Amino acid sequence: MKIGQLLGFFALVISLYILWEIRRLLLLLFTAIVLATAISQLVQRFQRSGVQRIWAVWLSVLIVLIVLIGCFVLIVPPFIDQFEELVQLFPIGVAQFQQMITWLEGTIIGPYITNLPDINNLLQQLQPLSENLFRQALTFFSTGLTAALELLLVIVLTLMLLVNPQPYRKVFVRCFPSFYRHRVEEILTLCGQGLGHWTVGALITMLFIGFLSGLGLLILRVPLALAHAVLAGLLNFIPNIGPTLSVILPMTIGFLDAPWKAIAVLILYLIIQNIESYWLTPTVMAKQVSLLPAFTLTAQLFFAGFFGALGLIMALPLAVVAKTWIEELVFKDVLDKWKQTSS
């Protein structure tokens, strides 16, 4: 191996090591790119109406802020009040749960099944688990400052990319050989279109989940139905994990109102998520991005393993970009041409 090739190999290894060390920062940059791409859909609509780009950007950001503040007002204050009530009513709920288990043991299960564990012993065994969860919650809140700083960085980067994205795009394109830069421009355009289509599909799905959840909770007369519906729609942004998290609060509040409502809420959310998983998402995403379900699940596991919780949240947009680059770079530019020359 020549000295130049050896130095090139070491430079590649060092570059990969540096990229691995700053992978969290790269993911935050990608998050800003996704947000900028999503907001740019609104910016382009204003520009087509004759508004200058700088004013279109600020109008779009203002609309997004109004929507986010509205969601915050709908969700956070009612949940704070409900949480205070939950703390007061939790011992009553536990007592009702004990009475229900005792009734089941004495009237239904007891005569047919023997050697059942005592409910008090089970609750005592669960106490260390609850203490462990409390300690983990304190650890989670202790990282809030880091999360706030990362959020501020994402917001700043998003605004920079929205106001003038072309210089950053040119810098990225210049990282490739000159003969391939035009092709990179085309692939970046396709990535932007794919992220835009994914944004539209995600919004349609979130609105569907929020509407059906709110309608079902109103029929069941669960308190804070609108707040639960907004939360269910927002958490649906996180595939598989989000829907599971969204059912916890309405089940808890429904149980405190009437124990049968908790089971009814669980059944309602299962029906909605099955409709969304087996009909809505395949239909919408097939038209928007054409992501296979197995590829989506694999991407979630892969990016969550590499980047943690933020990787799981951004798994689908990362999958969209990865799919575009693989299709264009590997399949069309390498494998397809290789087949043509060999024939």
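Helix α2 supplies the largest share of the lining of the second largest pocket, 11 residues. This is a predicted model, in which local features need pLDDT of at least 70, side-chain atom pairs count only at pLDDT 80 or more, and totals for chains, interfaces and linings use all residues. Residues are numbered from 1 along each chain as its sequence is written, and side-chain values use heavy atoms, with hydrogens and water left out.

**Pocket**

- The second largest pocket has a volume of about 1,800 Å³, a volume being the space filled by probe spheres set on grid points joined across faces, edges and corners.
- Its lining numbers 39 residues, of which F30, I33, F172, L188 and V321 lie nearest the centre.
- A pocket is an open set of points on a 1 Å grid over the protein atoms alone, where a 1.4 Å probe fits, with protein on both sides within 12 Å along at least five of seven lines; lining residues have an atom within 4 Å of a point.
- The elements giving two or more residues to this lining are α1 (3–21), α2 (23–48), α5 (144–163), α6 (166–173), α7 (181–220), α12 (293–307) and α14 (315–342); helices are DSSP runs (H or I, at least four residues) numbered from the N terminus.
- By class, the lining holds 28 nonpolar, eight polar and three charged residues (Ala, Val, Leu, Ile, Met, Phe, Trp, Tyr, Cys and Pro are nonpolar, Asp, Glu, Lys and Arg charged, and the others, Gly among them, polar).

**α2 with α7**

- The axes of α2 and α7 come within 9 Å and cross at roughly 75°; axes are lines fitted to C-alpha atoms, for helices over the stretch in contact, and angles run from 0 to 180 degrees between N-to-C directions.
- The two helices α2 and α7 are therefore roughly perpendicular to each other (65 to 115 degrees).
- Contact, meaning heavy atoms within 4.5 Å, involves V34, T37, A38 and Q41 of α2 and G192, L195, G196, W198 and T199 of α7.

**α6 with α7**

- Helices α6 and α7 pack at an angle of about 130°, with their axes 10 Å apart.
- R169, F172 and V173 of α6 meet R181, V184, E185, L188 and T189 of α7.
- The contact of α6 with α7 comprises four nonpolar, one polar and three charged residues.

Methods
Angles under 35 degrees count as roughly parallel, over 145 as roughly antiparallel, 65 to 115 as roughly perpendicular and the rest as oblique.
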